Each structure stands twice: as structure tokens, then as C-alpha cells.
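This report describes how the secondary structure elements of one protein chain are arranged and how selected residues are placed within it. Please read it alongside the sequence and structure shown below.

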Amino acid sequence: ATNDGRSKDSPINIEKLTTYLKNTLNSKNTYGYYDRAYTNYVLALNNPNSVSLASLESLINASKDFAVNAYVGLAALEIEKVNPEAKKIVEKVKTYLLQFMRPDTRTVDITDPLNSSTYYTIYDEKTEFLALATNFLVQLNPEDEIVTKLIYTLLKNQSKHSCHCWYTPY
């Protein structure tokens, strides 16, 4: 940014970002389900009226991916603040996600509904699933017992899979 003559502190132009994301979603070279769900979530965070409920419904119907459905749920939670009809999608996502969670006394085990790696993330997919489920469910009800178990499981999983990258000179 500084090479282009802009200040490091210059704000992001949300309107241009939103336009770019909408155009990308509407282009013929549309992303996969995961990218579309994440993009809808980002759009909903910036302007809940910019995401159609029909596009979220189509993602739910088209993809059984845990992360896709979690992002759809997070987008629907943002939209619900201005459009109560989004509650139907929120409930549908909640039901979908909970069917893959098996809580025990302290933790929650999550089964990948696709039982395969569908995309690549910095963390293993289980960490992402746990983080997305926690984010979604804590917004629904922070006092829910499963939220505490998800947080404990997420922290346990992250410490088990943390990246230990040290520079070793040859």
C-alpha cells in the first residue's frame, strides 16, 4: 500500500470490497461451495441485506460439507439481525451441525460428514470444524453446555496439532 502512495493506516473501502465480492460470486467462474459460503459470510458481515436467503438455501442443499454449512449459518445469523426470515436457515444449519457432534463429559467429537478432505486449510480440518461450530453455536446461545465442551476440545486439539517450525541452519 505504501508503494502506491497510500498510508498504512488507510481504511479498507468496504463498498469496493463488497462490489468485488458480489461480482465474483455472480461471475461464470464461480468458486466452489466453500468459497461461496465464506464470501457470503463476509458480505453478510459488511451488509446483511446484500446476501440473498435463496443463495444460502442453495448452498445448504448443494453441499453437505460441515464448514460450508457453518459459514452459511454464520451468514444467516448476521442476516437475521435485519431479516427474521433467516431464522429458518439458522435452525436448519444448527440441526445439521449438531447431528455430527457427539459430546461426552468434557469434549465433543465431530465426524466429518464427507469423511474426506475437501479443501486445504492452515489447520487440520477438525480444528476448523471445531472453531466454526463454536463460533456459530456461541452466537446462538453462549450458555449452552456444548459451547464449553467445544471450546475445551478446540483448545485441546490446537495444542495437540500446533505447528512447531524452527529454522535449522545447515
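## Basis of the description

The model is predicted: local features need pLDDT of at least 70, side-chain atom pairs count only at pLDDT 80 or more, and totals for chains, interfaces and linings use all residues. Residues are numbered from 1 along each chain as its sequence is written, and side-chain values use heavy atoms, with hydrogens and water left out.

## Overall composition

The protein contains seven helices and two strands; helices (H or I, at least four residues) and strands (E, at least two) are DSSP runs, numbered from the N terminus. Read from the N terminus, the order of the elements is α-α-α-α-α-β-β-α-α.

Of the 170 residues of the protein, 38% count as buried. Here buried means under 20% relative accessible area, exposed means over 50%, and partly exposed lies in between (1.4 Å probe, protein chains only). Among contacts with a separation of 6 or more, 58% join residues 24 or more positions apart; contact means heavy atoms within 4.5 Å.

Two packed helices are described by the angle between their axes and the distance between the axes. Axes are lines fitted to C-alpha atoms, for helices over the stretch in contact, and angles run from 0 to 180 degrees between N-to-C directions. Angles under 35 degrees count as roughly parallel, over 145 as roughly antiparallel, 65 to 115 as roughly perpendicular and the rest as oblique. A crossing is left-handed if the near helix is turned anticlockwise from the far one by less than a right angle, and right-handed if clockwise.

Helix α1 (residues 14-26) packs against helix α2 (residues 33-46) at an angle of about 150°, and their axes are 10 Å apart. The two helices are therefore roughly antiparallel, and the crossing of α1 and α2 is left-handed. On the α1 side the contact involves I14, L17, T18, L21, K22 and L25, which meet R36, T39, N40, V42, L43 and N46 of α2. The residues of this contact comprise six nonpolar, four polar and two charged. In this classification Ala, Val, Leu, Ile, Met, Phe, Trp, Tyr, Cys and Pro count as nonpolar, Asp, Glu, Lys and Arg as charged, and the others, Gly among them, as polar.

For α2 and α4, the axes come within 8 Å and cross at roughly 20°, which makes α2 roughly parallel to α4. The crossing of α2 and α4 is left-handed. Helix α2 contributes Y33, Y34, A37, Y38, N40, Y41, A44 and L45, and α4 contributes A67, V68, Y71, V72, L74, A75, E78 and I79. By class, the contact of α2 with α4 has 14 nonpolar, one polar and one charged residues.

## Helix α3 and its surroundings

In helix α3 (residues 53-62), the buried residues are L53, L56, L59 and I60. Viewed down the axis of α3, these buried residues fall within an arc of 120°, so they line one face of the helix; the arc is that of the directions from the helix axis to the C-beta atoms. The face turned away from this buried side carries the exposed residues A54 and N61. The cover over the buried residues of α3 includes α2, α4 (66-80) and α5 (87-98).

The axes of α3 and α5 come within 11 Å and cross at roughly 15°; the two helices are therefore roughly parallel, and their crossing is left-handed. L53, L56, E57 and I60 of α3 make this contact with I89, K92 and V93 of α5. By class, the contact of α3 with α5 has five nonpolar, no polar and two charged residues.

## Selected residues

Y33 lies in helix α2 and is partly exposed, with a relative accessible area of 38%. Not counting residues up to four places away in sequence, Y33 touches L59, A62, S63 and V68. Y33 and K64 are 31 residues apart in sequence and 9.7 Å apart in space, C-alpha to C-alpha.

L97, in helix α5, counts as buried at 0% relative accessibility. Not counting residues up to four places away in sequence, L97 touches F66, N69, A70 and F136. T107 is located in the loop between β1 (101-103) and β2 (108-110) and counts as buried at 15% relative accessibility. With the exclusion of residues up to four places away in sequence, T107 touches R102, K149, Y152, T153 and K156.
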